[in-house]
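Here are a few notes to read with the model open beside you. Take them one at a time and find each residue as you go.

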Amino acid sequence: MQAMVKKILSYTLFPSTFLVGMGIAIWATYQEHNLIPYVIIITLAMVLVVFLGEKFMPYYKEWNQPRGDRLTDFIHNIVSALGPTTLFKWTLLGALYQVNHWATQQIGFNLWPNTWPIVAQLALACVISEFGLYWFHRLTHQNSFFWKFHVVHHSPERLYWMNAAREHPLGTLV
């Protein structure tokens, strides 16, 4: 019975935590609350769930054994979070917002379906985002120029919560 519960948890813990987090964010949006504290709390909760899940239900037990990589991964996360990748993402997001605003004025209607329910807008945003990310990720594996940046993502000897999103600090810029 315990093995069955562990198996079910291993498949449902992250998606259910994600859905609860999204539900809280959607609720906060409808309540017109400041989203920043919610995003911080949800993000920290997600990190904690992943950390605990990996600790008590690891995919490979040997991945739980430190290999002198924690400091490197911690520093890498700080550089990635505060470095050019994040700056570029926020700049791109702002530019896309401005393009949408300009195009809306030019053609007379909003390009984004902002009258849709927030859940439908979220679903559309996920589809658009994942479509672009998937094809760019494929390109980084097939193109030698992009691979030079992307290989950093595949460099860890073990996979755990702190290095799962590892990328070259300039990788997003190319």
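1. Let's start with what an aromatic pair is: rings of Phe, Tyr and Trp (its six-membered ring) pair if their centres lie within 6.5 Å, and planes under 30 degrees apart count as stacked, over 60 as edge-to-face and the rest as tilted. Phe136, Phe145, Phe146 and Phe149 form one aromatic cluster, and the structure holds ten aromatic pairs.

2. A word on where the values come from. This is a predicted model, where local features need pLDDT of at least 70, side-chain atom pairs count only at pLDDT 80 or more, and totals for chains, interfaces and linings use all residues. Residues are numbered from 1 along each chain as its sequence is written, and side-chain values use heavy atoms, with hydrogens and water left out.

3. Now look at Trp27 and Tyr38. Their ring centres are 6.2 Å apart and their planes stand at 70 degrees, so this pair is edge-to-face. Trp27 sits in helix α1 (residues 2–30) and Tyr38 in helix α2 (residues 35–56), so the pair ties together parts eleven residues apart in sequence. Helices here are DSSP runs (H or I, at least four residues), numbered from the N terminus.

4. Phe51 and Trp161 are also an edge-to-face pair, with 5.9 Å centre to centre and 85 degrees between the planes. Phe51 is in helix α2 and Trp161 in the segment after α6 (144–150), 110 residues apart, so to speak a link between distant parts of the chain.

5. Buried or exposed, what is His150? His150 is buried, at 12% relative accessible area; buried means under 20%, exposed over 50%, and partly exposed in between (1.4 Å probe, protein chains only). You'll find His150 in helix α6. Leaving aside neighbours within four places in sequence, His150 is in contact (heavy atoms within 4.5 Å) with His137, Thr140 and His141.

6. Last, the second largest pocket. A pocket is found on a 1 Å grid over the protein atoms alone, as an open set of points where a 1.4 Å probe fits, with protein on both sides within 12 Å along at least five of seven lines; lining residues have an atom within 4 Å of a point. This one is lined by 17 residues, and Phe18, Met22, Val39, Ile42 and Thr43 lie nearest its centre. Helix α1 gives the most to the lining, with eight residues.

Notes
Helix = DSSP H or I, 4+ residues; strand = E, 2+ residues; numbered from the N terminus.
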